[in-house]
Amino acid sequence: MFAGVCTPMTAILTQEKSDQANADKKNIKKSPTERPPFTLSQIKKSIPPHCFNRSAFRSFSYVLQDLLMCSILSYLAVAWIPSIPSSFQYASWVLYWAAQGSVLAGVWILGHECGHHAFSDYSLLDDLVGLLLHSALLVPYFSFKYSHRRHHSNTGSLERDEVYVPKRKFDIPWYYKYIYNNPLGRLLSLTIQLTLGWTLYLAFNVSGRQYQRYACHYNPYSPIYSDSERAHIFISDACLLAAAFALYCLASSFGFWWLIRVYGVPLLVENCCIVCLSYLQHTHPSLPHYDSTEWDWLRGALSTVDRDYRFFNKVFHNSTDTHVVHHLFPTIPHYHAMEATKAIKPILGKYYQFDGTPVFEAIWREAKECIYVEQDNCSVGSKKTRGVFWYNNRF
């Protein structure tokens, strides 16, 4: 009885959703792919010179600020939460995990800044601080520093970029359409990506550049690294072993589940934050990718997007809303990056990409829309842009 009514109604609703999706896509303005009418030196001249100044004192103040917050939160977890009524403890632990994980993500970002020599004027000091901060978070400092440096050197290149390298349509596995074409599969994929993505990248180079043999950030002889870098990879591994031994001692003294509650879950939240940040900075329907026939460094560096995390912009030291300028000038310290971003916007014009979509909405949209890349067969003037690739999700 209702089939005749439901079928047209379903068709109408489906068409409305399709029309809305098409409208949303039209509202997204793709970044220009032709060579910019400005140079890197012109962009640099637009930035106030003091933005390039690094202060060890000021940088350390942010380290101390974050470590103090971590200490206060840890004290509350160890001394206060167990003393409150049990009915409130579960919610308190969840709040602790979220807060501590977010602050630890800020610590990770400061260590990442050390790897870019944006912490101070002294490379040795930068590496020492970065090694300590990242090792405490079980991150192989030098291993990530070198692969991340190559990411900055090859951003947007389908052949040479180091992370979040999208698959071309003919490379995607057959099962992708069953995962990303339905909400449940997409949710499962995002859950795995956010919780295990960072570990899988370090251990197995998942989502990274394709090498001819197994690539692992913990292996000094991985194809990721040159001969001159291998000694530093050994140092990173040694520091990770020292950190693991310290955690073993804590677990022996206070118990395994104590360590999981106080350190393990916040570390998982921190990893989730870092994956979310980096994924959204490099994944957006407006961002192009290039093959070797079209890629150049400046256009690749501009193939990034700034996001707005509201309150968490400050918690994450503005790595969220200043990522474009970070790719152009990675030695600018985070406390000058906002001013530098404001200065370069008039120069970049339509080449500057910003998206203020709420984070949860954005990550769901990007997981749905940005499945693979395919060639752009359009023309720019008299030139075919076949070396330019855009995200798509049609199977």
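The model is predicted. The UniProt record, an unreviewed entry, lists "domain: Fatty acid desaturase" for residues 92–353. Over residues 92–353 the chain is 61% helix and 2% strand. The end C-alpha atoms of that stretch are 38 Å apart.

**Helix packing**

Helix H10 spans residues 256–282 and helix H15 spans residues 359–369. The two pack at an angle of about 60°, and their axes are 11 Å apart. That angle makes H10 oblique to H15, because roughly perpendicular starts at 65 degrees. The crossing of H10 past H15 is left-handed. On the H10 side, Cys-276, Tyr-279 and Leu-280 make the contact. H15 contributes Val-359, Ala-362, Ile-363, Glu-366 and Ala-367. By class, the contact of H10 with H15 has seven nonpolar residues, no polar residues and one charged residue.

**Aromatic pairs**

A search of the whole structure finds 26 aromatic pairs. One of them joins Trp-108 and Trp-198. Their ring centres are 5.8 Å apart and their planes stand at 80°, so the pair is edge-to-face. The cut-off for that class is over 60 degrees.

| Residue | Helix | Helix residues |
|---|---|---|
| Trp-108 | H4 | residues 86–115 |
| Trp-198 | H8 | residues 183–204 |

Because Trp-108 lies in H4 and Trp-198 in H8, the pair ties together parts that are 90 residues apart in sequence.

Note on methods. Residues are numbered from 1 along each chain as its sequence is written. This is a predicted model: local features need pLDDT of at least 70, side-chain atom pairs count only at pLDDT 80 or more; totals for chains, interfaces and linings use all residues. Side-chain values use heavy atoms; hydrogens and water are left out. Axes are lines fitted to C-alpha atoms, for helices over the stretch in contact, and angles run from 0 to 180 degrees between N-to-C directions. Helices (H or I, at least four residues) and strands (E, at least two) are DSSP runs, numbered from the N terminus. Angles under 35 degrees count as roughly parallel, over 145 as roughly antiparallel, 65 to 115 as roughly perpendicular and the rest as oblique. A crossing is left-handed if the near helix is turned anticlockwise from the far one by less than a right angle, and right-handed if clockwise. Contact means heavy atoms within 4.5 Å. Ala, Val, Leu, Ile, Met, Phe, Trp, Tyr, Cys and Pro count as nonpolar, Asp, Glu, Lys and Arg as charged, and the others, Gly among them, as polar. UniProt positions are given in the numbering used here, feature names are shortened, and annotations may be inferred rather than shown by experiment. Rings of Phe, Tyr and Trp (its six-membered ring) pair if their centres lie within 6.5 Å; planes under 30 degrees apart count as stacked, over 60 as edge-to-face and the rest as tilted.
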